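Visitor: Could you walk me through this model, one question at a time?
Guide: Gladly! Have a look at it first.

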Amino acid sequence: MDAPLYPPARAFVMPRRLPGLLDTKDTAIADLKAIPQAWAVVKAEIPNVEARVGNEMIKPHLGNFSFRSLLQFGVVKSDALDRIDQKLKALGER
Amino acid sequence: MASDFLSTPRRNVLVMAAVTAMGGIAIKAGAAHSQGRPAAEPGGRRQPFDEDWRFMLGEQTGAENRAWDDTGWRLVDLPHDWSIADQPGQTPGAVVGPFDKRSIGGTATGFTNGGEGWYRKHFRVDSYPSDARIEIVFDAAYLKTDVWLNGRSVGGSVSGYTPFALDLTPYLDRSGDNVIAVRVQNLGRNSRWYSGSGLYRSVELDVLHPTSRVERWGVTAWTSKLENGRAVVDLSSEVVGPEKGDILISRLVEPDGRIAVEVSTPATTVTRQSLHLRGPRLWSAARPELYSLETELVRAGVALDRLVQPYGIRIVAFDAAKGMTVNGERVKLKGGCLHHDNGLLGACAYPDADERRLRLLKARGFNAIRSSHNPSSRSLREACDRLGMFLIEEAFDTWHIGKEPQDFAQQFPEHWHTVIEAMVRSARNSPSVIMWSIGNEIPFRSTDEGVKWQWTLANAVKRLDPTRPVTAGLNGVLGGQLIAEADTARPGRAGKVDNASTVFLDVPGYNYRLEDIAAEQAVHPERVVYASETFARDLYDYQALQDEAPYFLGEFLWTAMDYLGEAGIGATARLKNGAYPIYLPGFPWVNAWCGDIDLIGEQKASSLARDVVWGVSGLEVSVQRPGPEGTFAYVSNWGWPDELASWSWPGSEERMLGVVVHAAGDTVEVHLNGRLVGSKGLGPSDRRRAEFQIAYAPGKLEAFSYRDGRRIAHKVLETVGPAASVRVVPDRREGGAGRGALSYFRIEIVDAQGRVLPDDQRRVDLVIDGPASLGAFGSANPLATGSFQSPHAESYRGRALLILRGNGQRGTVKVNARSAGLKDGRVTVTMA
């Protein structure tokens, strides 16, 4: 039996991003917030979203969490996120 | 250099060479090597330096100067954590023991305070060779540390959790008094958990040859092959100042001192060697067979430098088809996240305390820990090696974007490499370390800058240790898809679609993403994953996933043990009916209360359930605490319902109580005072859990578990009587007399029949007589109730914990525990 190795890579070149839709599962809340059209969609479905994600515990994590990863903490509800996802689709791929 | 620097007579070098020529034949070493050389002998590495420091809390001007008058400073031994000491101005409801309602850290640090502290230590070096290079080695200090020798700055550290060494040689007084002065600053809001403050880990001196030595953490040992009953261990040793004719000897030594295998070659700046060992004893968590890896730099028959470190021969591999294998055998991770504090002792990293934590966890079936979210102490890591516990070492909680205003993100751009280098180089020979984590829940990890940092950190780790995979704890796979090109990608991943959060991770860790794991595996079948943080309530589902999914390595519970700080994240509360189901703990909550094991080492209800799901126990019973009428129970995500293994609920007579039974069988029965009061079959959807509503009546509650009609387990809860006495139960009858040695005593409130009162809270006073000092005394209560450093404390759930610290003298120690109206508890132990 040979032990595995995890050799380092040679050089960094920024990986090529594939176009993709914004959504509530894989897009960080901070990223949605940085796109005015996207954030408008979020605010329309969760009017008090700033208060919900603005507390001391969650605020530092807006670049870490997506909205769906907050479901289990009761911060948001899945039906609102479903509606947001539908509307975000309309913004097209980025 | 004086010839007595490290003595390896020429004769022994010749013996070593002969052993090398004989291959892997185990030969009684005799005088062939110098393992176990007495610490008192001058010179060499790891000279103890923990004792007789002087400490002063608060800012000082000029305290780095050699002539500073420190006679009024407090005498302390290391490890030392000033944040766990009582705060001045004790005020009920506001300042209680070490806890201060106004603490800048608030719930994050468990309402403890940092500040600035100074340490000074006087020492002499005239017993060492007159030209020796002398380095001071801190296993870590929290947080910003500046060090002076005889008034001259020699360096410092900003990382808080990684070891660092400083060269004292230029400013040493070889014949007089030397003074080390250390300023440690723990300022602002810099941590999301209890960090402690000061020199909370061990400090040592390395006394070295003036020009030639093995580089610090410069030895790597890697078991590259196991085949036909042989092991190949490849070594690479960095040597500083090698001269022609120098020899580097590497050997593996059995616990009984016999040399198992040895190799000797000319020493070069980087010396590469291989050890070929027949019949190796293999390391695993289940059977942690250890060797000592000795490295000697020899010149003209004299050993100039010698390192001894634990080493285990093992090959750990990961792939999606088999999961994790250790020496070819599949192993699932039953893991827990651990913060670094040692409960009542604060952040102090005592070897005895770290070992106790691991023993408690092993007894509950844990085989892995994730050192969250920082590199562990040397003492914890070596306990993992020794006791058999897989370890994930973690570097960061933040990268370039912080979570707290003054956290490490401020230092990260300039100092990230120092942390990675110290973490990896100091721990890469530990068999327990299975993965390197480059971060936990990193904000903005999926931006272009975050992706670049992910690559930078992962590859910095791999340049230092390409033998272990890189991981990180992720709250979801953020950031969409991307493709890395050949020079940038991990092997085999060039041109393939990955996610921004995972693209440069060999083994992604998912925090609280149970529902994502199988779904993402369908898209990325090449992935090997694990749950890097989990809620206790999901334990059955993670076990089920582990049982069915080879690519899923297992879970790391948040957390295995309670810890100080993140106060009340596992809180339970009673809320008024109709109220919004949210509870935000504040002062006096001080510990997280999310551990399976509480702050003093006792099992909580979640641990009892885990015992059954993990196969440690066939049956466990707990009872839901009855709440006031008109209220409902709130349980936080990290919490567990307020349950106790108790059938003592005075005032609840005839009230229906929830009795929760976890059982390995297919049927459970509950009997109250000999009468069957409940029975239920258990199918897969029951998750090994049955709940009964039973009218409370004092007496005996019995549960039985059956499989195929056969009784397989039986458990009894009895109503206890009134408190009658205090009982003192030592972990061991013989404690360590050394000044860093700890002895643990459980303090229990018991009834006339010796049964612990499961929900009792009352003051206990101690009288300690003999050669030991009070290390800590307190309970698991998640609320601030008092000092951890006085002989007075309140029991909680019928228990408290006393930790005694040896004072360097042997003898008999008597512990007398008193509580008003109860018979004293007494015990006598020997400090040897």
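Visitor: Is B:Thr812 buried, exposed or partly exposed?
Guide: This is a predicted model, where local features need pLDDT of at least 70, side-chain atom pairs count only at pLDDT 80 or more, and totals for chains, interfaces and linings use all residues. Residues are numbered from 1 along each chain as its sequence is written, while chains are lettered from A and ligands numbered from 1 in the order in which they are written. A residue is buried if 20 or more other C-beta atoms, placed from the backbone, lie within 10 Å of its own, exposed if 12 or fewer, and partly exposed in between. B:Thr812 has 13 other C-beta atoms within 10 Å, so B:Thr812 is partly exposed.

Visitor: In which strand is B:Thr812 found?
Guide: Helices (H or I, at least four residues) and strands (E, at least two) are DSSP runs, numbered from the N terminus. B:Thr812 lies in residues 811–818 of chain B, which form strand E50.

Visitor: Which residues is B:Thr812 in contact with, leaving aside its neighbours within four places in sequence?
Guide: Two residues are in contact if their C-beta atoms, placed from the backbone, lie within 7 Å. With those neighbours left aside, the partners of B:Thr812 are B:Gly770, B:Thr828 and B:Thr830.

Visitor: How are H7(B) and H8(B) oriented to each other?
Guide: Helix H7 (residues 539–548) and helix H8 (residues 605–613) of chain B pack at an angle of about 25°, with axes 10 Å apart. Axes are lines fitted to C-alpha atoms, for helices over the stretch in contact, and angles run from 0 to 180 degrees between N-to-C directions. Angles under 35 degrees count as roughly parallel, over 145 as roughly antiparallel, 65 to 115 as roughly perpendicular and the rest as oblique. That makes H7(B) and H8(B) roughly parallel.

Visitor: And how do H2(B) and H3(B) lie to each other?
Guide: In chain B, the axes of helix H2 (residues 351–363) and helix H3 (residues 378–387) come within 9 Å and cross at roughly 45°. H2(B) and H3(B) are therefore oblique.

Visitor: What share of the residues of chain B count as buried?
Guide: Chain B has 832 residues, with 8 helices and 51 strands. The buried share is 55%.

Visitor: What is the radius of gyration of chain B?
Guide: The radius of gyration is taken over C-alpha atoms, and the globule rule is 2.2 Å times the number of residues to the power 0.38. For 832 residues, a compact globule would come near 28 Å, and chain B agrees, with 28 Å.
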